[in-house]
Amino acid sequence: MANKDYATAVELLPKVIQNTPDSWSRRRFLRLMIEASRNLDRKDLLLPALSEYSAMTDDLLKQHISSIYREMQIAYDMYDLEDEFNSLKAEKDNTERRLNRNLIILSAITTIALIVMIVVLFMLYRRTRTLARRLEESNNTLTSERDQLRSQQDAIRVAREEAEKANALRAHFIKNLSSEIVPPLNAITEYAHLLTDLIDENTKQYMESYVGMIDLNCDLLRTLSQDVMLLSEIDTTRLPVNTTNVDIDRTLITAIESAKGLDRKGLEVNFVNDGVDFMIHSDPQRIQQIITYLLSNAFKFTDEGSVTVRAYKSGKNVAISVTDTGIGINHKFKDKIFDRFFKISRDTPGAGLGLHIARHLARLLGGELRLDSAYERGARFILTLPVG
């Protein structure tokens, strides 16, 4: 090309360009090809060379632009990194300042807490020593009281054993005494009736009144003997309860018939059943004992009129009332009359045990016995018993 031998160059350059892989050298040979084609006016060679050269130039320009863009992007990223670094540095400085401030505050709080803890521990130590001293004193006091309590318990145990022995001896004595009293009383009654059978008719009516008095007092003694013996059993042992299905009609009628012998005044005795047509689960013997005591009390304080036994429903329970037309009982004695040995009047016959024993038996059956203080035409006692 330096000799301007364009014809030779046009023939050699296509092969050189085809065999040159390096883009820079390829572009240089393409420029020579373009120059030679222009000088020789070879458009058939000029256009392909210009086209390839233009494409390579465009690629080179794009690469250059891309390189510049990457450099600018890197510069921008460096700027962002520098800004972020400055921000992080400022944040770090702020964080360190806050951390230092927090450390100072935490140190102050820790110091104050330690001081408070030391004061509290010192106070707790003093209090613990005081409590330990008081506890030791309390232990000594408790030990002394425990020894005294043991001594008292031993004394109470000895006293209880002696009391149980005394109760057993008393019960045994009362039982023997009762068994010894009944035969002579029966003998007195029999001999009194025998005497009335042996005397003549003129004096028989006169003597029968005295025999009635003998019978009455013998019955009172027998009742007293039975009451004392039953009271002794109550004090020493728990009375047995034999529960079974109880027919109220039959039980109350039996109790009334057995208690009629206690009536010396010819009172009218009535029985009313208001709707108790079912069985209850209880002890029929104990129910008869309670009704007998209540009827005996009614006979004792009723000179004329009647005594009525009534059975009726009371909620979920069965109630049995014994009502008389006697002198009645002042309502202020409604609870006291059930006390042991209590008598409204000293002249009243009996020992004051019947109602006490009757209430005990009622509670033994899971029920209750009370005086109806609202009834004013005599006295009315109400026995309440559970159905089952």
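Figure 1. Asp372 is placed in the loop between strand 6 (368-371) and strand 7, where strands are DSSP runs of E with at least two residues and helices are DSSP runs of H or I with at least four residues, both numbered from the N terminus. With a relative accessibility of 15%, Asp372 counts as buried, a word that here means under 20% relative accessible area, whereas exposed means over 50% and partly exposed lies in between (1.4 Å probe, protein chains only). Once its neighbours within four places in sequence are left aside, Asp372 is in contact (heavy atoms within 4.5 Å) with Arg380 and Ile382.

This is a predicted model, in which local features need pLDDT of at least 70 and side-chain atom pairs count only at pLDDT 80 or more, while totals for chains, interfaces and linings use all residues. Residues are numbered from 1 along each chain as its sequence is written, and side-chain values use heavy atoms, with hydrogens and water left out.

**Figure 2. Arginine charges over tyrosine rings.** The charged end of Arg380 sits over the ring of Tyr375, at 4.2 Å from the ring centre; for this term, NZ of Lys or CZ of Arg must be within 6 Å of the ring centre and within 35 degrees of the ring normal. In a second case, the charged end of Arg310 sits over the ring of Tyr312, 4.1 Å from its centre.

**Figure 3. The aromatic pair of Phe338 and Phe381.** Rings of Phe, Tyr and Trp (its six-membered ring) pair if their centres lie within 6.5 Å, and planes under 30 degrees apart count as stacked, over 60 as edge-to-face and the rest as tilted. By this rule there is one aromatic pair, an edge-to-face one formed by Phe338 and Phe381, with 6.1 Å from centre to centre and 85° between the planes. Because Phe338 lies in the loop between strand 5 (317-324) and helix 7 (354-364) and Phe381 in strand 7 (residues 380-386), the pair ties together parts that are 43 residues apart in sequence. Phe338 counts as buried at 4% relative accessibility, and Phe381 counts as buried at 2%.

**Figure 4. Helix 6 and its buried residues.** Helix 6 (residues 284-301) has 18 residues and reaches 26 Å from its first C-alpha to its last, close to the 26 Å expected at 1.5 Å a residue, where the expected span is 1.5 Å times one less than the number of residues. Among the buried residues of helix 6 are Ile287, Ile290, Ile291, Leu294 and Ala298.
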